[in-house]
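Grab a pencil and have a go at these exercises before reading the solutions.

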Amino acid sequence: MPGNAISGDGSARAPLLEVRDLCVSFPSAGRMIPIVEHVSFTLAEREILGLVGESGSGKSVTAMALMGLIDSPGVRITGSALFRGQELVGLAPRELRRLRGGQIAMIFQDPMTAFTPVYTIGWQIDEQIRAHERISRRQARARTVRLLGEMGVPDPVRTAGCYPHQLSGGLRQRAMIAMALSCNPVLLIADEPTTALDVTVQAQILELVRALRGRHGSSVLLITHDMGVVAETCDSTLVLYSGRVAETGPTGALFARPGHPYTAALLASIPPLDGPRPERLPTIAGVPPAPLDRPVGCAFGPRCGYVHERCRPAPPPLVPVGPDQAAACVLPTEGRPLPPRCPASAPQEGPA
Ligand SMILES: Nc1ncnc2c1ncn2[C@@H]1O[C@H](COP(=O)(O)OP(=O)(O)OP(=O)(O)O)[C@@H](O)[C@H]1O
Ligand code: SF4
Ligand SMILES: [Mg+2]
C-alpha cells in the first residue's frame, strides 16, 4: 500500500495522512447513493501519491471529503482520515478552516472555486497568508507578488491587482496554485492541476509541485486521469474505479506489473514512453457504471475480459500482488496474475 515510501537514505517515511474506510454517500430520491466506498490509503511525509481513475470515479469527492468541503445537504461521510494523528472526518468547521490554507492546501479542479469574484487576486492571496501568519499587509503583498512570479505569471504586480474574471484560465490556474502554496502547506491536494493547460505550462506546474516537496518537505495527493503525469511525478499510485480502490502500489511496480485488469487497461491506453508509437492505442470498451447501477460484485466486471463466476457475488477484497502493492481482483488469489507489461512502456523505478 502507498505510505511505506522509502526515502533517499533507505529509511521508511512516517505517515502524514492515514485514510481508512472512507465512504461518502449522497441522498437521492429517498435513498443514499454510495459514491466513494471504503477507500483506504496512507500518504507518507514527502510522498507524492497519484489518485487516478476515469471521470466520475470519485477522485474529487474523496479530496473534497478530506478537506471538509462537501456541503451538500444530507451527505454522509464515514471512516477515518488522520492528519498527523488528528481526525479530519467530523472535525468542527472552524478547526478545518484553520488547517485549510495553512497546513493543508488544495488546488481545485475549477480555479473559480478557489477565488471569490469580488476581490482582486492579490488581495485574496494576501489575506490567506495573513490568516495564518502575523505579517503586515505590505509583507504579504511582497510574498504574493514573488509567488506569482515563481508561477511564471508575467507582470505579477499588475496581475495581483486583477479580479479573477480579468485573467485567462491559465493565469487563474497559476494564481490558484500560488495561493495554495503561499503558506508552504505540509499537505497539498492538487485536483487535476494541469488539465486545460498547454504542455509547457503543464510541465512547469508539475515541476513546482515537485519543488514544493524538495524545498518544504511537503506531501502531495495528486489527482489526475493522466497516467503519463503519474509516471513522471508520483512515488505511488492509487487507482479508483467507480468509487472503490482497484489497485495501489509503488508507481514503478504498478506500471511494470499491474495486478488489476483495469490498471492494465488504463496503462495499455497510454503511448509507450520509448520506442515507436503504435498507430492506434487500445481503449477500454464500455463506460463505468452509474453509482446507482454499480454491480454487487466487482464493479469492473461488465468491462473485464477476465470476468467469471467468482467476480460476481461481492466486491473482491484488496490482496497483495507485490511488495506494498495490492489489487482488488480475484485473479491473484486464483494463481492467475496478469502478465507483466512490456518493459519499454513502464518506468523502471518510482520518481522519488
Ligand atoms: N454533491 C453531489 N451530490 C451528488 N452526487 C455527486 C455530488 N458530487 C459528485 N457527485 C457524483 O459523484 C461521482 C463522482 O464524482 P467526482 O467529481 O468525484 O468524479 P471525478 O473522479 O473527480 O471525475 P472527473 O475526472 O470528471 O473530475 C459522480 O457520479 C458525480 O455525479
Ligand atoms: S475481479 Fe473479476 S471482473 Fe473484477 S477485475 Fe478481477 S477478473 Fe475482472
Ligand atoms: Mg474531479
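**Exercise 1.** Which residues of helix 1 are buried?

Solution. Keep in mind that this is a predicted model.
- Start with the cut-off: a residue counts as buried if 20 or more other C-beta atoms lie within 10 Å of its own.
- Then go along the helix: Lys59, Ser60, Val61, Thr62, Ala63, Met64, Ala65 and Leu66 make the list.
- Now draw the conclusion: 8 of the 8 residues are buried, so helix 1 is largely enclosed by the rest of the structure.

**Exercise 2.** Work out what surrounds ligand 1.

Solution. 
- Count the shell: it holds 14 residues, with Phe26, Ser55, Lys59, Ser60 and Val61 the closest.
- Look for the main contributor: helix 1 (residues 59-66) gives the most, 3 residues.
- Sort by class: 9 are polar, 4 nonpolar and 1 charged.

**Exercise 3.** Describe how helix 4 and helix 5 pack.

Solution. 
- Geometry comes first: helix 4 (residues 121-132) meets helix 5 (residues 137-150) at about 115°, the axes being 9 Å apart.
- As for handedness, the crossing is right-handed.
- Next, the contact: helix 4 brings Gly122, Ile125, Asp126, Ile129 and Arg130, while helix 5 brings Arg137, Ala140, Arg141, Arg143 and Thr144.
- Finally, the classes: 5 charged, 3 nonpolar and 2 polar residues make up this contact.

Technical notes:
Residues numbered from 1 in each chain as written. Chains lettered and ligands numbered in written order. Predicted model: local features only at pLDDT ≥ 70, side-chain atom pairs only at ≥ 80, totals over all residues. Axes fitted to C-alpha atoms, helices over the stretch in contact; angles between N-to-C directions. Helix = DSSP H or I, 4+ residues; strand = E, 2+ residues; numbered from the N terminus. Left-handed = near helix turned anticlockwise from the far one by under 90°. Contact = placed C-beta atoms within 7 Å. Nonpolar A, V, L, I, M, F, W, Y, C, P; charged D, E, K, R; others polar. Near = placed C-beta within 6 Å. Buried ≥ 20, exposed ≤ 12 C-beta atoms within 10 Å, placed from the backbone.
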